[in-house]
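Here is a short report on a protein model.

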Amino acid sequence: MMFPLSNPSSSPESQIKKPKTPLDVRRKDSFRSPKAFLAAHYPSINQPRLCLFLSIFFIQILLLLALRSIPRSFHHRLHHFPAPVTAHHHLTPTLTTTTASFSASTVKEENSCEFGEIFIYDLPSALNHEVVNNCDELNPWSSSCAALSNNGFGPVAAGISSVVPENLAAAWHWTDQFVTEVLFHNRILNHKCRTKDPSNATAFYIPFYVGLAVGKFLWLKNSSAKERDFHCEMMLKWVQDQPYFTRNDGWDHFLTMGRISWDFRRSKDEDWGSSCIHKPGMRNVTRLLIERNPWDYFDVGVPYPTGFHPRSDNDVVEWQDFVRNRNRKSLFCFAGAKRSKIKDDFRGLLLNHCRNESDSCRVVDCAGSKCSNETSIILETFLDSVFCLQPRGDSFTRRSIFDCMIAGSIPVLFWKRTAYDQYEWFLPAEPESYSVFIDRNEVKNGTASIRKVLERYSEDEIRRMRERVIEYIPKFLYARPDEGLETLKDAFDVAIDGVLRRFKEQEQPGYRW
């Protein structure tokens, strides 16, 4: 599909006065029978209306006590990492028999900024615009200028109309997987909740292109730790001089880091990557990454950019209908390349497994440049397959899982960190509703056959799982218009809503540490 050009009080007890005289034995017994007690002490209880009144009164007391027993923190826990709530909205645009359903959290609320507004810093251009202007220098192998064209979406995907509906071809681009910094910056400038008055802001966005800036140094053998940290240190020095940063020590600040978390977590100078995340000024800043560190609260995983960038709600609905009705000829597929330098390479094992099941599995060996940008072979493969095998990539995640789901194929996972521990704001809360998990060790030792596991799913189960995947497609997309889609939330909208909701929660007493 669209693969990259470039290579994480209690109340006090009641004071009860002791009676001056011992309680009568008959009084003790009367507590075992409320009717006897009331009859003894309140002779008028035999009146029906009074009896009914007292019954209702006692029921209200019981309900009040029950409600008070619910913990006050219950509501807060529900909204800390909101699980998607499902509702069905049937859209009927001018398309042939098209009916699409979306989760409630995928539909925009008109002009709502209930969780606050965003202020965008005007950083020195060396930290963003100049990085893009020097696109010829961002990649040690080739120019990145094409990848960063069209506001980061890349070139329009020529020749793809033979694979996708012709009227949707213009919504497809050869998009690089490391461009979220540019995509988020362009969109947030036009966000409905943007404010130009920092005193009104709930959140502060730092439009720093750290992933693009460090990218070229990651692959240069002689690059120094100082070079890999240069832009991050420049940004922190500037931001830490801003009064709104020091006010809350960065808790209400966020940025996009367009690579995986591990590229910014260098511990020693001689190790891989930048040490940006480990810098003191970054400690409380929320970070949007294509792969997060599951044990770091401030890391938030967002979807990898794929090639489909809808121009309207109708584009989304038509695409969903297209993949829903696709005739899929293969039970499962795998697209990837061996990693010969890795011991017990699992991807190589899957390639061989798929070749041995050629009547059920479609395989694409991505050795060389077969799966690079400007080829539709991956998209075709996913469109033609019921399931798609998704092992970990060079890190725990891979862009391919989103390419797979956008094509309406059901992902088969072998590591939980490939998706389940990564994209909580974007995926259904129940993994089994949209994916299959197979223990990789059982595949390795031969006790599990991928084909046999997948053949156990009935047509009805497959239909429900596919529908769940299709329902969530809007959350995997980065829409083309600067202002987003008309009514549907895409990945950007979901991410920004999540950040604003998180920052609002952090204002509660005792939340921050």
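Which are the buried residues of helix 16? This is a predicted model, and in it they are Ile-462, Met-465, Arg-466, Arg-468, Val-469, Ile-470 and Glu-471. Helix 16 covers residues 459-471. Its buried residues are covered by several elements, including helix 10 (313-324), strand 8 (385-390), helix 13 (400-406), strand 9 (410-413), strand 10 (436-437) and helix 17 (473-476).

**Helix 10**

Helix 10 is largely enclosed by the rest of the structure, because 10 of its 12 residues are buried. The buried set holds Asp-313, Asp-315, Val-316, Val-317, Glu-318, Trp-319, Gln-320, Asp-321, Val-323 and Arg-324. Helix 12 (377-383), helix 13, helix 16 and helix 17 are among the elements that cover these residues.

| Helix | Residues in helix | First to last C-alpha | Expected span |
|---|---|---|---|
| Helix 10 | 12 residues | 17 Å | 16 Å |
| Helix 16 | 13 residues | 18 Å | 18 Å |

Helix 10 reaches a span close to the expected value. Helix 16 also comes close to its expected value.

An open sheet has 5 strands in the order 1-2-3-4-5, with parallel pairing. Strand 1 (118-120) and strand 5 (299-301) stand at the edges. Each has a single partner strand, so one side of each lacks a neighbour in the sheet. Direction ignored, neighbouring strands are turned by 30° against each other on average.

Strand 3 (residues 253-260) pairs with strand 4 (residues 286-291) in the parallel sense, over 5 bridges. Here Thr-256 stands opposite Leu-288 in strand 4. Helix 6 (residues 180-188) packs on the sheet. Helix 6 touches strand 1, strand 2 (203-205), strand 3 and strand 4. The direction of helix 6 makes about 145° with that of strand 3.

**Helix 6 and helix 18**

How do helix 6 and helix 18 (residues 491-506) meet, and at what angle do their axes cross? The axes come within 11 Å and cross at roughly 75°. Helix 6 is therefore roughly perpendicular to helix 18. On the helix 6 side, the contact is made by Phe-184, Arg-187 and Ile-188. Helix 18 brings Phe-492, Asp-493, Ala-495 and Ile-496. By class, this contact has 5 nonpolar, no polar and 2 charged residues.

Terms used
Residues are numbered from 1 along each chain as its sequence is written. This is a predicted model: local features need pLDDT of at least 70, side-chain atom pairs count only at pLDDT 80 or more; totals for chains, interfaces and linings use all residues. Side-chain values use heavy atoms; hydrogens and water are left out. Two strands pair if DSSP finds at least two bridges between them. Helices (H or I, at least four residues) and strands (E, at least two) are DSSP runs, numbered from the N terminus. Axes are lines fitted to C-alpha atoms, for helices over the stretch in contact, and angles run from 0 to 180 degrees between N-to-C directions. Contact means heavy atoms within 4.5 Å. The expected span of a helix is 1.5 Å times one less than its number of residues. Buried means under 20% relative accessible area, exposed over 50%, partly exposed in between (1.4 Å probe, protein chains only). Angles under 35 degrees count as roughly parallel, over 145 as roughly antiparallel, 65 to 115 as roughly perpendicular and the rest as oblique. Ala, Val, Leu, Ile, Met, Phe, Trp, Tyr, Cys and Pro count as nonpolar, Asp, Glu, Lys and Arg as charged, and the others, Gly among them, as polar.
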